[in-house]
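Subject: Handing over a structure

Hello,

I am passing a structure on to you, with some notes on what turned up in it. Please have a look at it first, then read on.

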Amino acid sequence: MTSQKVRAGHVDEYQRWQNRTNEAAREFDGFEGSEVYPPGAGSENEWVAVFRFSGIEYLTAWLESDRRRQLLAEGRSLFEEDPAQEVLRGGTKAEQTPETVTAVISHQVKPGREEGFLRWQQKVLKAQEKSPGFMGSELFKPVEGVEERWVAVFRFDSREHLEEWLASDARSRLLEEGRAYFVSYDVRKVGSAFSGWFRFGKGAQDAAPPNWKQAMSVILALYPTVMVLNLTVGRELDDLDVPGYIGLFISNVLSVSILTWLLMPLVNRTLGFWLVPSRARSLRVHVAGAAAVVLCYLLFIVVFGLTTH
């Protein structure tokens with residue numbers, strides 16, 4: 001897993017570089033898949049890339065390859081600092097929902113304090129289990145010759161619940177206690193703003209689109225939905241003298257349901273050439289897709305402008 005802080009204004013270049021990196025990794029023996037996660041709240045420029053290999057020897061061959069070194073040299077100017085990397089061996093497939101957020105915390109454990117660190121991790125787990133939204137955790141031991149740090153991975157059902165745990169007094173007390181066992185630690189969060197509306201299958205490169213594309217696509221489906229509901233259901237509710245706060249609730253339920261089960265799947269299929277990172281590899285595709293969405297905006301505005309007048 002690699003965490004990369006992309007320089008402002010270089011996101012498109014980074015995505016093209018990341019796509020080339022994914023393609024290069026696919027050529028190596030043992031490659032099983034890769035995912036790219038755009039920044040979440042509180043980490044506006046931090047992208048996370050995950051590469052999965054069937055064995056540590058295959059992963060090591062990729063990590064130490066000349067091809068990867070060449071790609072890292074090409075991409076160095078895109079990042080604010082050197083990418084941070086963790087290697088995790090083993091683990092189990094976890095149940096996830098579209099809102100699930102994963103935190104990855106790497107620890108540099110003091111020599112000779114490993115047993116104490118493990119006991120401390122058990123106390124952390126017991127405290128996490130009492131925290132709302134906790135879905136499970138795994139602890140990964142160092143991989144000799146590849147990864148020197150201990151890495152804890154835990155999941156919450158929403159970013160809000162994860163942030164509550166990270167800011168909790170219980171965790172603060174545990175961190176103070178844990179400093180007897182580790183020198184430093186680093187926290188990374190993996191999530192996506194609209195991941196529930198943007199699923200393109202289980203392919204190796206089928207990550208969620210960048211947030212700006214997600215936002216444009218949601219607006220594309222949301223605007224006509226809200227307008228049609230206002231012109232139909234909204235008028236009926238007004239005629240029935242339904243209070244505004246109840247009418248708004250009903251409209252929200254209808255609009256979210258329509259987007260989730262009808263319009264967003266349609267948008268995903270229609271704009272897949274632009275939304276799927278592995279397919280949108282050129283500037284021409286990025287521009288063409290954005291232009292198409294903007295033209296649809298203008299068309300909707302004209303149609304509803306004529307309709308309402």
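Rings of Phe, Tyr and Trp (for Trp, the six-membered ring) count as a pair if their centres lie within 6.5 Å. One aromatic cluster is formed by Tyr-14, Trp-17, Trp-47 and Phe-79. By this rule there are 15 aromatic pairs. One of them joins Phe-134 and Phe-156 edge-to-face, at 5.5 Å centre to centre and with 65° between the planes. Phe-134 belongs to strand E6 (residues 134-140) and Phe-156 to strand E7 (residues 150-156), so this pair ties together parts that are 22 residues apart in sequence. Both Phe-134 and Phe-156 are buried.

Please keep in mind that this is a predicted model. The mean pLDDT of the chain is 82, and 86% of its residues reach 70 or more. Over residues 201-206, however, the pLDDT is below 50.

Next, a helix to look at. Which residues of H4 are buried? They are Gly-116, Phe-117, Trp-120, Gln-121, Val-124, Ala-127 and Gln-128. Seen down the axis of H4, the buried residues fall within an arc of 140°, so they line one face of the helix. On the other side of H4, Glu-115, Arg-119, Lys-126 and Glu-129 are exposed.

Finally, there is Thr-225 in helix H7 (residues 211-239). Is Thr-225 buried or exposed? Its relative accessibility is 5%, so Thr-225 counts as buried. Leaving aside neighbours within four places in sequence, Thr-225 is in contact with Ser-255, Ile-258, Leu-259 and Leu-263.

Best wishes

How values were computed:
Residues are numbered from 1 along each chain as its sequence is written. This is a predicted model: local features need pLDDT of at least 70, side-chain atom pairs count only at pLDDT 80 or more; totals for chains, interfaces and linings use all residues. Side-chain values use heavy atoms; hydrogens and water are left out. pLDDT is the predictor's confidence in each residue, from 0 to 100. Contact means heavy atoms within 4.5 Å. Buried means under 20% relative accessible area, exposed over 50%, partly exposed in between (1.4 Å probe, protein chains only). Helices (H or I, at least four residues) and strands (E, at least two) are DSSP runs, numbered from the N terminus. The arc is that of the directions from the helix axis to the C-beta atoms. Rings of Phe, Tyr and Trp (its six-membered ring) pair if their centres lie within 6.5 Å; planes under 30 degrees apart count as stacked, over 60 as edge-to-face and the rest as tilted.
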